[in-house]
Amino acid sequence: MTRPLLELRALRVHFPVYSGLIRRRLAGTVRAVDGVSLDVAPGETVGLVGESGCGKSTLARAVVRLVPCTGGTVSFEGREISAMREPAFRALRPRLQLIFQDPYASLNPRMTVFDALAEPLRVHGLADGRDVRRRVSDLMELVGLAPRFMRKYPHEFSGGQRQRIAIARALALEPRLVIADEPVSALDVSVQAQILNLIARLREQMGLTLLFIAHDLSVVHYLSHRIAVMYLGRLVELGPASEVFYRPRHPYTRALISAIPVPDPVKEKTRQRVALHDEPASALNPPSGCAFRPRCPWAEPRCAEIVPPLESCGEGHQAACIRLEDI
Amino acid sequence: MPLLDVHELTTHFHTREGVVRAVNGVSFRVEPGETIGIVGESGSGKTVASLSLLGLIPSPPGRIEKGTAVFDGVDLLACGAQTLRSIRGRAISMIFQDPMTALNPFMRIGDQLMEPLRVHEGVSRREARAQAAEMLRLVGIQDGARNLDAWPHEFSGGMRQRVMIAMALITRPHLLIADEPTTALDVTIQAQILELLARLQRELGMAVILITHDLGVVARVCRRLYVMYAGQVMESASTDELFARPQHPYTEALLQSLPSTHVKGEPLHTIPGLPPDLIAPIAGCPFAPRCAKATDRCGRGTPALQEIAPGRATACFRVQDGEL
Amino acid sequence: MSEARGPESSVEPIAVERGASLWRDALVRLRKNHLAAAGLVALFALLVVSLLTPWIAPYGYEDQDLALGAVPPSGAHWFGTDLLGRDLFTRVLYGGRISLLVGFAATGVSLCVGVLYGACAGYLGGRTDALMMRFVDILYSLPFVIFVIILTVYFGRNIVLLFMAIGAVEWLTMARIVRGQVMSLRQKEFIEATTVMGLPRHRVLLWHLIPNTLGPIIVYATLTVPRVMLMEAFLSYLGLGVQAPMSSWGLLINEGVQTMENRPWMLIFPSLALSITLFSLNFLGDGLRDALDVRASKD
């Protein structure tokens with residue numbers, strides 16, 4: 001078996017929280033990511049799903065070292081990047097790119113499309129002189145933008161077009177792994193479909209490995225080979241996309257899937273929904289044992305005592321619940 | 001008789017760059033006690049249309065150019081600010097998308113809840129407090145009496161949206177306008193809030209206009225739907241009909257572009273191009289430039305919304321002529 | 001940049017559409033704001049007049065006519081003359097040169113130092129930032145007048161020193177403003193994107209951070225110019241600034257105040273010149289603040 005392109009081992013990202021205006025003291029720790037292990041094989045697309053605040057964006061940022069890891073390791077191409085110093089890591093950066101959620105915030109408003117795309121090419125010596133212009137127009141065509149718009153500024157484009165620019169910028173560096181952090185959640189439905197198709201096409205065309213992060217399970221299911229479900233900083237389920245989507249095992253995944261509104265009134269009326277109590281606990285003060293316990297319809301006293309590990313429950317399918325047999 | 005009958009509502013914004021034709025001759029009606037959905041993407045004019053009804057369009061630059069909106073025998077667009085104010089918040093209430101900003105952070109939950117009662121109905125403080133506690137219980141916030149003294153920042157997003165709903169419903173309105181009430185919330189919370197809205201609608205017997213971009217959400221709760229595009233209604237039908245047999249090419253394309261209706265591995269259907277810029281005058285059908293089924297004629301005249309079968313109407317020449 | 005295509009360029013010739021840059025947008029909005037546009041025009045006129053002063057001034061600024069003494073405005077002396085019989089119009093023109101020079105030069109100094117210093121502190125953050133800002137705090141706490149007096153004692157009086165003294169005080173506020181801006185920009189996704197792309201720090205600072213703080217910087221600069229001019233007047237009044245026979249608006253106003261009751265023209269004309277400049281700058285500053293506000297232009 002080939003070695004995974006990206007390996008996360010017990011990755012932890014904790015943020016200290018201070019309180020007090022004058023005498024600042026440590027009030028607690030937000031366990032944004034709390035021991036996540038995940039492999040992404042070359043050419044594979046892994047979807048990472050979870051609700052807001054579950055730590056999925058923090059995980060993405062930790063992999064590209066926008067936030068420091070507080071524990072565990074991140075390895076890329078077999079090298080442990082979480083322990084590297086920044087100058088050493090900079091050489092690897094082009095191969096590991098991130099697409100941001102908000103195309104309105106991820107582009108420098110004072111830079112034309114040309115400048116935004118030419119900059120990474122020049123800095124990393126991927127093109128120079130006249131070549132830059134050709135590469136920029138190639139990139140724009142690749143993502144479906146007319147090269148004649150290269151002298152325009154981000155504010156002259158719609159949200160979908162901006163996201164295309166952001167994608168082109170990430171691809172300019174010819175990355176092997178692209179992490180897409182909710183790339184379509186800020187877009188309208190019809191535009192969302194265009195961008196998803198684009199990502200799918202580019203993945204085939206360039207042989208990209210993709211870690212695709214979203215809160216919308218149907219979007220993730222459409223694009224991914226495997227799906228990982230995250231709740232309060234931990235993975236609760238991991239498995240082949242269709243397995244997770246059609247035969248979810250963890251109570252949280254079940255609730256998540258049953259909560260997606262289906263655009264089909266007939267199905268909607270007959271659909272059985274997993275009703276959840278309350279709302280997610282805070283990552284600052286997670287409950288003991290299984291973090292999902294207070295909302296889980298199947299919870300029992302035992303759930304408060306142990307943090308359930310991911311256990312195999314099928315071919316390449318894992319879930320973190322001690323009552324997998326019973327439910 | 002419909003509870004609300006909107007006819008040819010037209011709202012334009014007169015900006016320095018030109019006239020933005022946000023809403024162009026929109027007609028819809030709401031029967032007492034029913035839930036209708038207005039679906040559209042951003043810029044379709046769905047929010048502006050509902051704000052126009054309540055006189056909440058910033059003016060200038062906004063101006064209601066024409067149209068009528070008869071609610072309970074009163075034309076909301078012509079009745080004047082005084083009357084409107086007494087209707088708004090009493091007979092018609094509204095909830096907004098973002099529960100984080102719609103609550104005043106410097107006022108206790110209870111005081112914000114009691115405000116409409118005290119202002120509109122002159123209820124005593126004691127009585128208002130009792131009703132507010134009752135309303136919190138109704139929207140599923142336990143221990144209502146104690147939570148009246150809580151501050152907004154102590155509540156999570158879902159809880160705040162519940163408070164917003166309680167605030168909107170405390171005067172027992174006949175009509176609730178909910179503008180993207182669940183967009184800012186997570187799916188599991190969204191499910192809870194939609195369930196809550198449906199239950200309250202039954203219990204209080206009010207009518208609801210649900211404004212959203214999410215076709216899944218309207219499929220769950222609405223009886224009839226209006227699909228808006230570029231400031232116009234493209235199609236209206238009962239929810240079941242619309243999803244089973246979409247007639248307008250836009251509705252059809254929109255439904256097909258959803259990842260959830262899709263076979264994995266195949267490319268998603270997309271709608272090419274972009275919604276029109278509402279500053280430039282639109283000749284013909286606004287959807288024509290993106291429509292796979294458009295003919296020459298679609299670029300010339302603007303199709304009006306016409307009934308093609310009982311209870312369903314569409315604004316497409318080709319559908320009206322039976323070509324599609 | 002690569003707009004000039006080489007002869008054997010393999011790119012098929014495409015008509016590149018020029019974007020409306022935010023700056024051009026801002027200029028359009030500024031033109032629609034009549035007060036600000038008027039301010040811009042007035043400032044421009046003042047600058048042109050100052051540049052051309054040696055050629056358009058009817059007299060030399062030192063030319064005295066003791067026999068004439070102070071006379072009210074007339075055909076020969078449009079603004080009248082001062083106690084030594086010097087033509088006031090000429091002296092206002094020359095005074096304007098000094099005042100505008102001090103105003104813009106000192107602001108320029110504070111701009112350069114303040115923006116770079118503040119941007120570095122804000123971008124580097126942490127301990128470096130804390131250290132740099134404590135240094136600013138220390139400079140802040142030095143009494144300004146004493147600072148200038150010490151400088152003049154050591155170096156004698158000259159205009160360059162005046163710039164330095166004023167600039168040395170003004171850049172502190174500028175640095176604080178820029179640091180605040182940069183710190184909030186640092187959280188933005190497009191700055192995070194520069195890290196992900198592995199861009200070197202100096203590039204991020206010069207190409208991504210500073211251009212996006214220019215709005216508030218320009219506005220603050222337009223507010224700094226009049227303050228510096230008033231400061232120069234104050235220093236000249238103390239005898240620390242410009243010396244006779246050279247003049248500045250501050251100095252002329254000072255002289256005018258002393259004989260205000262008998263010879264009002266000596267106060268009115270220099271004050272008028274200063275007021276027009278200050279108004280223009282303030283209107284322009286307000287207008288620029290609105291015009292550069294990207295949020296307002298997004299819809």
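# Close-up views of a predicted model

**View 1. A salt bridge joins the side chains of Arg135(A) and Glu174(A), with 3.3 Å from N to O.** A salt bridge is a side-chain nitrogen of Lys or Arg within 4 Å of a carboxyl oxygen of Asp or Glu. Arg135(A) belongs to helix α4 of chain A and Glu174(A) to the loop between α5 and β7 (177–181) of chain A, so the pair ties together parts that are 39 residues apart in sequence. Helices (H or I, at least four residues) and strands (E, at least two) are DSSP runs, numbered from the N terminus. This is a predicted model, in which local features need pLDDT of at least 70 and side-chain atom pairs count only at pLDDT 80 or more, while totals for chains, interfaces and linings use all residues. Residues are numbered from 1 along each chain as its sequence is written, chains are lettered from A and ligands numbered from 1 in the order in which they are written, and side-chain values use heavy atoms, with hydrogens and water left out.

View 2. With a relative accessible area of 45%, Glu174(A) is partly exposed. The classes here are buried (under 20% relative accessible area), exposed (over 50%) and partly exposed (in between), with a 1.4 Å probe and protein chains only. Leaving aside residues up to four places away in sequence, Glu174(A) touches Pro94(A) and Arg135(A); contact means heavy atoms within 4.5 Å. The side chains of Glu174(A) and Arg135(A) also make a polar contact at 3.3 Å. A polar contact is a pair of N or O atoms within 3.5 Å; within protein, one must be able to donate a hydrogen and the other to accept it, and residues adjacent in sequence count only if both atoms are side-chain atoms. Between the C-alpha atoms of Glu174(A) and Ala320(A), which are 146 residues apart along the chain, the separation is 36 Å.

**View 3. Within helix α4 of chain A, Asp131(A) and Arg134(A) form a salt bridge.** The N to O distance between their side chains is 2.7 Å. Asp131(A) and Arg134(A) are three residues apart in the helix, so about one helical turn separates them. Asp131(A) is partly exposed, at 27% relative accessible area. Arg134(A) is also partly exposed, at 33%.

**View 4. Helix α3 of chain A (residues 113–123) is largely enclosed by the rest of the structure.** This is said because nine of its 11 residues are buried. Among them are Val113(A), Phe114(A), Leu117(A) and Leu121(A), and also Asp115(A) and Glu119(A). The cover over the buried residues of α3(A) includes α4 (130–142) and α5 (159–172) of chain A, together with α8 (201–237) of chain C. After α3(A) comes Gly125(A), whose phi is positive, near 65°.

**View 5. In chain B, the side chains of Arg297(B) and Asp321(B) meet in a salt bridge of 2.8 Å, N to O.** Arg297(B) lies in the loop between α10 (249–256) and β11 (306–309) of chain B, and Asp321(B) in the segment after α11 (317–320) of chain B, so the pair ties together parts that are 24 residues apart in sequence. Arg297(B) is partly exposed at 30% relative accessibility. Asp321(B) is partly exposed, with a relative accessible area of 45%. Elsewhere, salt bridges that share partners join Arg3(A), Glu7(A), Arg9(A) and Asp39(A) into one network. Over all chains, the structure holds 42 salt bridges.

**View 6. Chain B meets chain A through 44 residues of chain B and 41 residues of chain A.** About 3,100 Å² is buried between chain B and chain A, and carbon and sulfur atoms give 57% of this area. Buried area is the accessible area (1.4 Å probe) that two parts lose on being put together, summed over both. Seven residue pairs, both at pLDDT 80 or more, are in polar contact between chain B and chain A. On the side of chain B that touches chain A, the elements giving two or more residues are α6 (157–169), α7 (187–204), α8 (215–221) and α9 (239–244) of chain B. The largest share, seven residues, comes from α7(B).
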